[in-house]
Amino acid sequence: MANEQLPGFIMCVCTGKCPGFQKMDIWDFINQVRVELPVEYAFIHPQLCEVDGDRFLADYLKAHRKVIIGACAPNMQKKMFQQAFQDAGLSLEKDAIMIDIRDMTTEEAYQKVEKALENLKEREKKEA
Ligand code: SF4
């Protein structure tokens, strides 16, 4: 994959009913990320760990675009999404950064995504 390709950002909002996302304005958050940060695009998925989420991820990963996923605990995400990355011939360690953005304000979550993007860039520099 070309290094200059920007990553995608997926926010999983846990059906929209999870109290973990009540401190932030999810629409302000996703709009700030997609407009202000160096991502190819950013969007919200309602429940990435459900069966339709699996189907979506399988399609998304076919493009071999790096991805930052903002959702629940990274360890949980890794367990849930490992197979999808493997099936797509990708590596969780190289091609993705999972971050926990629950119980954060809009600004805190935004800063966490910003930091994850910097980390991804650093990683790419080391790999180059
Ligand atoms: S991936 Fe995490 S945040 Fe998304 S629906 Fe599943 S448990 Fe909730």
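**Starting point: Glu122.** I began at Glu122, which lies in helix H5. Helices here are DSSP runs of H or I with at least four residues, strands are runs of E with at least two, and both are numbered from the N terminus. Is Glu122 buried or exposed? I find it exposed, with 10 other C-beta atoms within 10 Å. The cut-offs: buried takes 20 or more other C-beta atoms within 10 Å of the residue's own, exposed takes 12 or fewer, partly exposed is in between, and the C-beta atoms are placed from the backbone. I also checked Glu122 against Arg55: they are 67 residues apart in sequence and 30 Å apart in space, C-alpha to C-alpha.

**Ground rules.** I noted that this is a predicted model, where local features need pLDDT of at least 70, side-chain atom pairs count only at pLDDT 80 or more, and totals for chains, interfaces and linings use all residues. Numbering starts from 1 along each chain as its sequence is written.

**Overall layout.** I counted five helices and four strands. From the N terminus on, the order is β-α-β-α-β-α-α-β-α. The C-alpha atoms fill a box of roughly 40 × 30 × 20 Å along the principal axes. The radius of gyration is 14 Å, which agrees with the value near 14 Å for a compact globule of 128 residues. That radius is taken over C-alpha atoms, and the globule rule is 2.2 Å times the number of residues to the power 0.38. I see 29% of the 128 residues counted as buried. For contacts (C-beta atoms, placed from the backbone, within 7 Å), I looked at those with a separation of 6 or more: residues 24 or more positions apart account for 73% of them.

**The sheet.** In what order do the four strands sit? I read S2-S1-S3-S4, an open sheet with parallel pairing. S2 and S4 (96-100) are the edge strands, each pairing on one side only. The twist averages 15 degrees from one strand to the next; axes are lines fitted to C-alpha atoms, for helices over the stretch in contact, and angles run from 0 to 180 degrees between N-to-C directions. Two strands count as paired if DSSP finds at least two bridges between them.

My bridge list:
- S1 and S2 pair over five bridges, and Gly8 has Tyr41 as its partner in S2.
- S1 and S3 are joined by four bridges, with Phe9 partnered by Ile68 in S3.
- S3 and S4 are joined by five bridges, and Gly70 stands opposite Ile99 in S4.

I found five of the five residues of S3 buried, so the strand is largely enclosed by the rest of the structure. Val67, Ile69 and Ala71 sit on one side, Ile68 and Gly70 on the other. Leaving out residues up to four places away in sequence, I have Ile69 touching Ile10, Cys12, Gln77, Ala96 and Met98.

**Helix H1.** Next I took H1 (residues 26-36), where Phe29, Ile30 and Val33 are buried. Seen down the axis, these fall within an arc of 90 degrees, so they line one face of the helix. The arc is that of the directions from the helix axis to the C-beta atoms. Trp27, Val35 and Glu36 are exposed on the other side. The buried residues of H1 pack against S1 (8-12), S2 (41-45) and H5 (106-127). H1 lies across S1 and S2, at about 155 degrees to S2.

**The core.** Which residues have the most contacts inside the largest nonpolar core? I get Phe9, Val33, Ile68, Ile69 and Val113, in a core of 33 residues. Such a core is a set of buried Ala, Val, Leu, Ile, Met, Phe, Trp, Tyr and Cys residues joined through C-beta atoms within 7 Å. Elements supplying at least two residues each include H2 (51-61), S3 (67-71) and H3 (74-87). H5 gives the largest share, six residues.

Most residues other than glycine have a negative phi. I flagged His64, with a positive phi of about 55 degrees, in the loop between H2 and S3. Asp103 also has a positive phi of about 55 degrees, in the loop between S4 and H5. His64 counts as partly exposed, with 13 C-beta neighbours inside 10 Å, and Asp103 is partly exposed with 13 as well.

Technical notes: Contact = placed C-beta atoms within 7 Å.
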